[in-house]
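Have a look at the fold first, then read on.

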Amino acid sequence: MITKGARLLPSAPDGASWWLHRKLIGNGLELHYDTPIAGRERTSLVAADGTRIEADYVVQATGLQAHSLVHNCELATRAEDGLLVNSRLQSVADSRIFAGGDCAAMEDYALPKLGVFGVRQAAVIHANLLAMLQKCPLTEYKPQKNYLAILNLGDKTALATRGRFWWNGRFSMKLKDLYVSAAATAAGLKEWCALIIRISERLRFICRSVKKTL
Ligand SMILES: Cc1cc2nc3c(=O)[nH]c(=O)nc-3n(C[C@H](O)[C@H](O)[C@H](O)COP(=O)(O)OP(=O)(O)OC[C@H]3O[C@@H](n4cnc5c(N)ncnc54)[C@H](O)[C@@H]3O)c2cc1C
């Protein structure tokens with residue numbers, strides 16, 4: 001396993017990072033830190049310092065990046081991170097443009113590319129678009145300091161981290177499954193509610209039309 005970083009999970013507590021390192025070594029993995037890969041030659045990966053690392057198969061998992069469209073639209077961006085936005089999630093180059101989630105880079109924060117930030121930013125963007133149309137003051141988005149991250153380790157266990165706390169094992173994996181199924185149930189319920197509202201509106205319309213013709 002090769003990474004250009006000095007450690008695994010840079011935003012996790014030191015203990016969690018060290019525990020994962022030992023677990024991977026225990027599973028027979030060879031870890032290469034501080035090794036940015038510059039290219040590939042036949043069956044080798046070539047590191048920036050010229051070192052060749054033989055590989056039969058390569059799985060590239062180099063992290064999320066904003067779409068190239070973001071960097072080509074001639075607005076201010078942060079390299080590899082996304083469209084540069086202020087605390088109201090407006091482009092610093094053009095206040096009519098809003099961005100959140102993986103394609104955005106907040107000027108005062110370096111947020112990891114995680115769904116939890118995108119989801120909360122979306123609500124602020126929605127409010128700010130309406131506020132802009134109504135010429136009202138815009139809301140600021142302040143990212144939460146701590147968030148729960150649960151990494152599935154593929155052996156029915158997971159590594160959970162929140163702030164400086166971390167724990168691993170089957171319970172963490174159960175928590176992740178629970179969270180995913182709760183989110184799916186909530187999304188399903190939302191769709192059903194929308195359908196029921198649509199049907200009741202149609203019924204109301206039919207009732208009104210029948211009343212008028214009588
Ligand atoms: C393997 C993996 C696991 C992850 N696990 C977690 C996790 O456990 N917890 C967590 O919080 N986060 C997780 N994330 C991160 C999370 O998925 C992202 O942070 C989140 O989806 C970002 O939402 P977004 O709406 O900004 O972008 P996306 O969800 O990527 O949505 C972007 C949308 O833009 C569309 N699009 C792209 N280009 C164009 C174009 N030219 N024109 C029109 N549409 C376009 C795409 O089709 C897509 O629908 C994970 C990510 C990956 C890849």
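Predicted model: local features only at pLDDT ≥ 70, side-chain atom pairs only at ≥ 80, totals over all residues.

A residue counts as buried if 20 or more other C-beta atoms lie within 10 Å of its own, as exposed if 12 or fewer do, and as partly exposed in between, with C-beta atoms placed from the backbone. Numbering starts from 1 along each chain as its sequence is written.

**Domains**

- The chain is split into domain 1 (1-62) and domain 2 (68-133), with bounds that come from an automatic or database domain assignment.
- Taken over C-alpha atoms, the centres of domain 1 and domain 2 are 30 Å apart.

**The β1-β2-β3 sheet**

- Three strands make an open, antiparallel sheet in the order β1-β2-β3.
- β1 (37-41) and β3 (52-54) sit at the edges with a single partner strand each, so one side of each has no neighbour in the sheet.
- From one strand to the next, the twist averages 25°; the axes behind it are lines fitted to C-alpha atoms (for helices, over the stretch in contact), and angles run from 0 to 180 degrees between N-to-C directions.
- β1 and β2 (residues 44-47) run antiparallel and are joined by four bridges; Glu 41 has Ser 44 of β2 as its bridge partner.

**The β7-β8-β9 sheet**

- Here too, three strands form an open sheet with antiparallel pairing, in the order β7-β8-β9.
- The edges are β7 (148-152) and β9 (165-169); each has a single partner strand, so one side of each is left without a neighbour in the sheet.
- The twist in this sheet averages 15° from one strand to the next.
- Five bridges pair β7 with β8 (residues 158-162) in the antiparallel sense. Among the facing residues, Ile 150 stands opposite Ala 160 in β8, and Asn 152 has Ala 158 of β8 as its bridge partner.
- β8 and β9 also run antiparallel, joined by five bridges, and Ala 158 has Gly 169 of β9 as its bridge partner.
- Which strand is largely enclosed by the rest of the structure? That is β8, because four of its five residues are buried.

**Positive phi angles**

- Some background: most residues other than glycine have a negative phi.
- Lys 156 has a positive phi of about 70° although it is not a glycine, and it lies in the loop between β7 and β8.
- The hairpin of β7 and β8 has five residues between the strands, and there Gly 154 takes a positive phi near 80°.
- In the β8 and β9 hairpin, with two residues between the strands, Gly 163 in the turn has a positive phi of about 60°.
- Asp 34, also not a glycine, has a positive phi of about 45°. It is in the loop between α1 and β1, and it counts as partly exposed because it has 13 C-beta neighbours inside 10 Å.
- Just after α1, Gly 28 has a positive phi of about 90°.

**Helices**

- α4 (residues 170-213) has 44 residues and reaches 65 Å from first C-alpha to last, close to the 64 Å expected at 1.5 Å a residue; the expected span is 1.5 Å times one less than the number of residues.
- How many of the residues in α4 are buried? The count is two among its 44 residues, and α4 is hardly covered.
- α1 has 13 residues and reaches 18 Å, close to the 18 Å expected.
- Ile 25 is in α1 (residues 14-26) and counts as exposed because it has 12 C-beta neighbours inside 10 Å.

- Gly 115 lies in α3 and is exposed, with 11 other C-beta atoms within 10 Å.

Technical notes
Pairing = 2+ DSSP bridges.
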